Amino acid sequence: MSNVRVRFAPSPTGFLHLGSARTALFNWLYARRVGGTFVLRIEDTDNQRSKKEFLDEILKDLKWMGLDWDEGPFFQSERSSLYMPHAEKLLEKGLAYKDGEAIIFKVADDQIIEVEDLIHGKIIFNTKEIKDQVLIKSDGSPAYNFCCVIDDNDMGITHIVRGDDHLSNTPKQILFYKALGFNVPKFAHMPLMMGKDGTKLSKRHGGVAVFEYKQEGFLPEALANYLMLLGWMPKDGKEILALDEAVKQFDISDINNVQAKFDVDKLKWINGEYIRQKKAEELRAPIMQKMEEEGYRKENIDKEYLLRIIELYKERFRTFSEFLTLTTCFFKDDYVMDEKAFQKNLSKEESKKCLAEFAKALKEVKEFTSKNIEECCRELSERTEIKAAQFIHPTRTAVSGMLGGAGLFEMMEVLGKDKVIARMEKWSI
RNA sequence: GACCCCAUCGUCUAGUCUGGCCUAGGACAUCAGAUUUUCAUUCUGACGACACGGGUUCGAAUCCCGUUGGGGUCGCCA
């Protein structure tokens, strides 16, 4: 065990943002790497905006991603009495003054503050750029920078790993550390994560909250894997790696000092990689959940049936959402008929004729297995001297409404004889 | 505007600290070919970057300065 202590300090005024999740992830990785302690602190001093439902969701999302904490959650709101004494101490020392009910910290002019940042290197600030800082607000509550310093000190935080947006808070906080006689921790400021277009990741970019990716049907290990790649690269260059593998080679100083843009395409690729690594059995529960969210009734879905479909499509979907659009023909009779597919495979007279003939031949197949279906198709092809493809393509489209999909004969077997023939006949007229 | 951070393919990056092995490597995406009943997979290939300008040096993606561009912060929000 090392004495390294890091923290993640979200405020429950919204859902867990992707950027915050990434910050939490890097803190966690570092703590686990060095055998340190990961502390969770909830910055809920803003009574107006802090909500229990946000807090619950944040904790849930962190756990979902595999980020567990060793201490906490500590709530700032429960520590409110601890800040005033420190402010009064500074008042006594003459380092702060009162302005009405507020207590203000006097910032000396023209002093140099050096920050030895673990990611950026040395950064120099001059106090002449910093005006006097509020410690205690008129309503008696502590200002953010002040309680942040006291909390971090009380909790023995040794490394503060946070976003670049806090960089300009750092000299102010260092001033407080020194005035209060606290040890100054080490700082590491990570460049922010941006949207695809290079501007701040915001709602108009689509998903900005972790739960949205959960909802869309991403695997937690894939999201975590992608997020860690935004600003960090494993030494061996292998991009698909689980949290515990990342822990083995992670270091703060290896975090990139460049802003990174969030790219859903790569996330989808990684997610697809994880999906194919999983067994169909492991995917069944989350897919079932997704289906329920989409309005499917649990009791209408046969477990074995679903399992066979997952097996068939495992290599072809990258999110659970994609799985559903790919496989609607297995669950609904009113699946969408793709216009292009229809034009290509079902609109011509001869396609319809082929469809009708194949359907007729299929009726004679006793055991409706993919092997027998294929045999039937090949025989028909030889007998009529029409290429097998002429039967296969219209059938695929009639049965699924699509141009592509899993192996047709396997699909037909899973769907079952009655459904297959009914659909073929429907489109052969 | 002031202060701070940053600048390698469209995107994530390796290389930068410790200058030469870099005619700049990998991954995602895109495009083309092969395989496949289709789609996807897989394989092969193509496209594609050191922001610009000055230095320093025998030699610069790598060091220094400037310009441009992007981002952050300037709340009694957190």
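What follows is a walk through a predicted model of chain A together with RNA strand B.

To start with confidence, chain A comes out with a mean pLDDT of 93, and 99% of its residues reach 70 or more. Looking element by element, strand β1 (residues 5-8) has the highest mean pLDDT, at 98, while helix α13 (residues 339-345) has the lowest, at 87. For the complex, the predictor gives an ipTM of 0.94 and a pTM of 0.93.

Next comes the RNA. Around RNA strand B there are 53 residues, and the ones that come nearest are E43, S138, Y144, G404 and G407. Several elements each give two or more residues to this surface: the strands β7 (121-126) and β12 (260-261), plus the helices α9 (264-277), α16 (388-400) and α17 (408-415). Helix α9 gives the most, with three residues.

Now for the inside of the protein. The largest nonpolar core holds 79 residues, and L25 and M424 are the ones with the most contacts inside it. Helix α1 (residues 18-34) supplies the largest share of this core, nine residues. The core also draws at least three residues from domain 1 (278-331), and at least three from domain 2 (339-428). What does M424 touch, once its neighbours within four places in sequence are left aside? Its contacts are L355, F358, A359, T395, A398 and V399.

The domain assignment of chain A places domain 1 at 278-331 and domain 2 at 339-428. Their C-alpha centres lie 24 Å apart. Where the two meet, eight residues of domain 1 are in contact with nine residues of domain 2. On the domain 1 side, α11 (303-313) and α12 (320-331) are the elements that give two or more residues, and α11 gives the most, with four. That side of domain 1 divides into six nonpolar and two charged residues, with no polar ones.

Finally, a few spots in the backbone stand out. As background, most residues other than glycine have a negative phi, and most peptide bonds are trans. The peptide bond from G72 to P73 is cis, with omega near 5°; P73 itself lies in strand β3 (residues 71-75). Two residues other than glycine have a positive phi: D110, near 60°, and E385, near 55°. Where do they sit along the chain? D110 lies in the loop between β5 (102-105) and β6 (112-117), and E385 lies in the loop between α15 (370-384) and α16. Is D110 buried or exposed? D110 counts as exposed because it has 8 other C-beta atoms within 10 Å, and the cut-off for exposed is 12 or fewer. E385 has 6 C-beta neighbours inside 10 Å, so E385 is exposed as well.

Methods: Residues are numbered from 1 along each chain as its sequence is written. Chains are lettered from A and ligands numbered from 1 in the order in which they are written. This is a predicted model: local features need pLDDT of at least 70, side-chain atom pairs count only at pLDDT 80 or more; totals for chains, interfaces and linings use all residues. A residue is near a molecule or strand if its C-beta atom, placed from the backbone, lies within 6 Å of it. A nonpolar core is a set of buried Ala, Val, Leu, Ile, Met, Phe, Trp, Tyr and Cys residues joined through C-beta atoms within 7 Å. A residue is buried if 20 or more other C-beta atoms lie within 10 Å of its own, exposed if 12 or fewer, and partly exposed in between; C-beta atoms are placed from the backbone. Domain bounds come from an automatic or database domain assignment. Two residues are in contact if their C-beta atoms, placed from the backbone, lie within 7 Å. Ala, Val, Leu, Ile, Met, Phe, Trp, Tyr, Cys and Pro count as nonpolar, Asp, Glu, Lys and Arg as charged, and the others, Gly among them, as polar. pLDDT is the predictor's confidence in each residue, from 0 to 100.
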